[in-house]
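User: I've got this one open on my screen and would like to go through how the labels on it were decided. Can you walk me through it?

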Amino acid sequence: MSILAPNSHILYREIHPRDQHQHYSTSGGGGGCLFSQKTTSGYIWIDLRNRDYKKIRRRNMRVDAFWSDLSRPTSLEMEPIQDCEHLDQILLHAQQLSQPILIDWMAAWCRKCIYLKPKLEKLAAEFDTKLKFYYVDVNKVPQALVKRGNISKMPTIQLWKDGEMKAEVIGGHKA
């Protein structure tokens, strides 16, 4: 998105190509500019910085490189696990779908846990169809659930597949 602010003409030109045949753009600190003209083979960029008339040819210039897919959410809220029965249901459902799950064992007072949760929610949106993300707040659940997860430090991230824990990362610095 940082590219679109100074180069919003690229987005406009791709959306409204009939309105734009030529475009001038300042290039920033050097005081030069770029001149672009649409031709049958694509765009021709002429670099006018320091009187160097260098032609740069770009074919099929697309805004897709600068614009993310807006139809998908950028983050998904992770579902909480409340007790051992809920964990059993989640593991059974994931096993039936043969889908791995990721469980973030955290606490509301843990600074690393708070920092890590939004990053995991972004990953949850990215891997929405391949992996399910859950979290457990160890202060709000029965200790039997914490013991079942064999949690000693937080944050702890566990990857479960086929009803068994396959991988574990302890601590926010490694995650």
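User: Which helix gives the largest share of the lining of the largest pocket?

Analyst: That's helix 3 (residues 111-126), with 4 residues. Helices here are DSSP runs of H or I with at least four residues, strands are E runs of at least two, and both are numbered from the N terminus. One caution: this is a predicted model, where local features need pLDDT of at least 70 and side-chain atom pairs count only at pLDDT 80 or more, while totals for chains, interfaces and linings use all residues. Residues are numbered from 1 along each chain as its sequence is written, and side-chain values use heavy atoms, with hydrogens and water left out.

User: What makes a residue part of a pocket lining?

Analyst: A lining residue has an atom within 4 Å of a pocket point; a pocket is an open set of points on a 1 Å grid over the protein atoms alone, where a 1.4 Å probe fits, with protein on both sides within 12 Å along at least five of seven lines. Here the largest pocket holds about 190 Å³ of space. Of its 13 lining residues, Leu102, Leu120, Leu123, Phe133 and Ile157 are the closest to the centre.

User: How many nonpolar, polar and charged residues are in that lining?

Analyst: The count is 11 nonpolar, no polar and 2 charged. Nonpolar covers Ala, Val, Leu, Ile, Met, Phe, Trp, Tyr, Cys and Pro; charged covers Asp, Glu, Lys and Arg; the others, Gly among them, are polar.

User: Why is Leu131 called buried?

Analyst: Its relative accessible area is 14%, and buried means under 20%, exposed over 50%, partly exposed in between (1.4 Å probe, protein chains only). So Leu131 counts as buried. Leu131 sits in the loop between helix 3 and strand 7 (132-137). Beyond its neighbours within four places in sequence, Leu131 touches Gln99, Pro100, Ile101, Leu102 and Leu159, where contact means heavy atoms within 4.5 Å.

User: And Asn150 and Asp162, what are they called, and why?

Analyst: Asn150 has 62% relative accessibility, so it is exposed. Asp162, at 39%, is therefore partly exposed. Asn150 has a phi near 55°, positive in a residue other than glycine, and Asp162 also has a positive phi, about 55°, without being a glycine.

User: How do you know that the charged end of Lys117 sits over the ring of Tyr135?

Analyst: The rule wants NZ of Lys or CZ of Arg within 6 Å of the ring centre and within 35 degrees of the ring normal. The charged end of Lys117 is 3.9 Å from the centre of the Tyr135 ring, and it is listed as sitting over that ring.

Methods:
Grid points are joined across faces, edges and corners, and a volume is the space filled by probe spheres set on the points.
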